[in-house]
Amino acid sequence: MIIDILTIFPGMVAGPIRESIIGKAIERKLIDIRVINIREYAVDTHRTTDDRPFGGGSGMVMKPEPLAASIGSVRENDPTARVILLSPQGRLFDQKIAFELSRLNHICLVCGRYEGVDERIRNHYVDDEISIGDYVVTGGELPALVIVDAVARLLPGVLGSDESLIEESFTTGLLEYPQYTRPEIFESHRVPDILLSGNHGAIQRWRRQQALFRTWQRRPDLLNNDELSSEDKQLLAEEIENKKDLGIEKPGN
Ligand code: SAM
C-alpha cells in the first residue's frame with residue numbers, strides 16, 4: 001500500500017513513521033509512506049501557502065494553488081489514489097473506516113493548517129474528508145498519523161501475529177477483555193485464577209464474558225442487544241449479577 005502525506009510541516013510526520021511497527025513495515029516494504037512538502041508546489045519566491053480570508057475574519061486560509069499542484073502530482077502518477085482531506089468536518093474515523101482504507105492500494109492524506117483549506121480544494125480536489133474526533137487540533141499532521149497507524153497495522157504481515165487483530169477492541173464489535181502479564185501478584189493484586197488454570201475453554205468463556213461486561217459498562221452504545229446470541233446474553237446477565245455483588249455497576253447507575 002502507498003500512503004502519501006501532504007503537509008507544510010514534513011518534520012512533524014517524518015520522525016514518527018520511522019519508529020516502531022510502521023518503521024519496520026516500511027523497511028520490510030509492506031507499506032510505502034511518502035511525505036510531500038506542499039510548500040515545494042508554491043510558485044512565488046516566498047513559497048507562500050496561506051493567505052487572508054476573503055470577507056475578513058481571523059486567521060489564514062491555505063491557498064488553493066499549492067494544494068492543487070501537490071494533489072495533482074499524486075494523481076498524475078496514480079489516478080486511483082483516494083485523496084482524503086483531514087478535517088474536523090469530515091466523517092468520524094473508526095475501526096470500520098480503518099478497514100475500508102486498508103483495502104485500498106493508495107491513499108493521499110492532505111493536512112490542513114491555520115483556518116483550513118480553500119473551499120474549492122474541498123469541492124474539486126478531494127474524494128473524502130475524515131475527522132479523528134469532535135475536537136480541533138492545530139493541523140492535519142497528527143490526525144494523518146493516527147490514520148496511518150490504524151491502517152498500517154491492519155495490513156497483512158505488519159503485526160507480528162495477525163491474531164492480535166481478531167479479538168481487539170472494535171474488531172469484534174466489543175471492547176477487549178482485560179489483559180494480564182507476569183508477575184502473578186503485583187502489589188497484593190492477583191491475576192484472576194481462571195487465567196492460570198490452563199483450561200482454554202473456560203478462559204475463552206471468561207474473556208467473552210469480560211468483553212461483554214466491559215462494553216455494557218463503558219460503551220453501551222456499541223452493544224446491540226438484538227445481535228447478541230442467547231449465550232452472550234446469559235454471560236452478560238451473569239456477570240452483571242456477579243459485579244453487583246461486588247458493588248461494581250454501570251457508571252451513572
Ligand atoms: N477552522 C477549522 C474548522 O473550524 O473546521 C479548523 C481548522 S484546524 C485549526 C486546522 C487543520 O487541522 C484542519 O484543516 C485539519 O486539517 C486539521 N484538523 C483539526 N482538527 C481535526 C480533526 N478533529 N480531525 C482531522 N483533522 C483535523
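**View 1. Two domains set 37 Å apart.** The C-alpha centres of domain 1 and domain 2 lie 37 Å apart. Domain 1 spans residues 2–161, and domain 2 spans 167–245. These bounds come from an automatic or database domain assignment. The model is predicted: local features need pLDDT of at least 70, side-chain atom pairs count only at pLDDT 80 or more, and totals for chains, interfaces and linings use all residues. Residues are numbered from 1 along each chain as its sequence is written, and side-chain values use heavy atoms, with hydrogens and water left out.

View 2. The ligand has 20 residues around it, and Leu86, Gln89, Gly112, Glu115 and Tyr135 come nearest. A residue counts as near if one of its heavy atoms lies within 4 Å. For Gly139, a ligand oxygen lies 3.5 Å away. The protein covers 84% of the 580 Å² of accessible area that the ligand has on its own (Shrake-Rupley method, 1.4 Å probe).

**View 3. Helix 3 and its cover.** Helix 3 holds 14 residues, 64–77. Helices here are DSSP runs of H or I, at least four residues, and strands are runs of E, at least two, numbered from the N terminus. From first C-alpha to last, helix 3 reaches 20 Å, close to the 20 Å expected at 1.5 Å a residue. That expected span is 1.5 Å times one less than the number of residues. Pro66, Leu67, Ala68, Ser70, Ile71 and Val74 are buried. Buried means under 20% relative accessible area, exposed over 50%, partly exposed in between (1.4 Å probe, protein chains only). An α-helix has 3.6 residues a turn, so residues three or four places apart point the same way. Cover for the buried residues of helix 3 includes strand 1 (2–7), strand 5 (82–92) and helix 5 (119–124).

**View 4. Leu174 in its loop.** Leu174 sits in the loop between helix 7 (163–167) and strand 8 (185–186). Its relative accessible area is 4%, so Leu174 is buried. Beyond four places in sequence, Leu174 touches Glu168, Ser169, Arg208, Ala211, Leu212, Thr215 and Leu223. Contact means heavy atoms within 4.5 Å. Arg219 is 45 residues from Leu174 in sequence, yet 8.6 Å away in space, C-alpha to C-alpha.

**View 5. Asp232 on helix 9.** Asp232 belongs to helix 9 (residues 230–245). Asp232 counts as buried because its relative accessibility is 8%. Leaving out residues up to four places away in sequence, Asp232 touches Arg208 and Leu212.

Key
A polar contact is a pair of N or O atoms within 3.5 Å; within protein, one must be able to donate a hydrogen and the other to accept it, and residues adjacent in sequence count only if both atoms are side-chain atoms.
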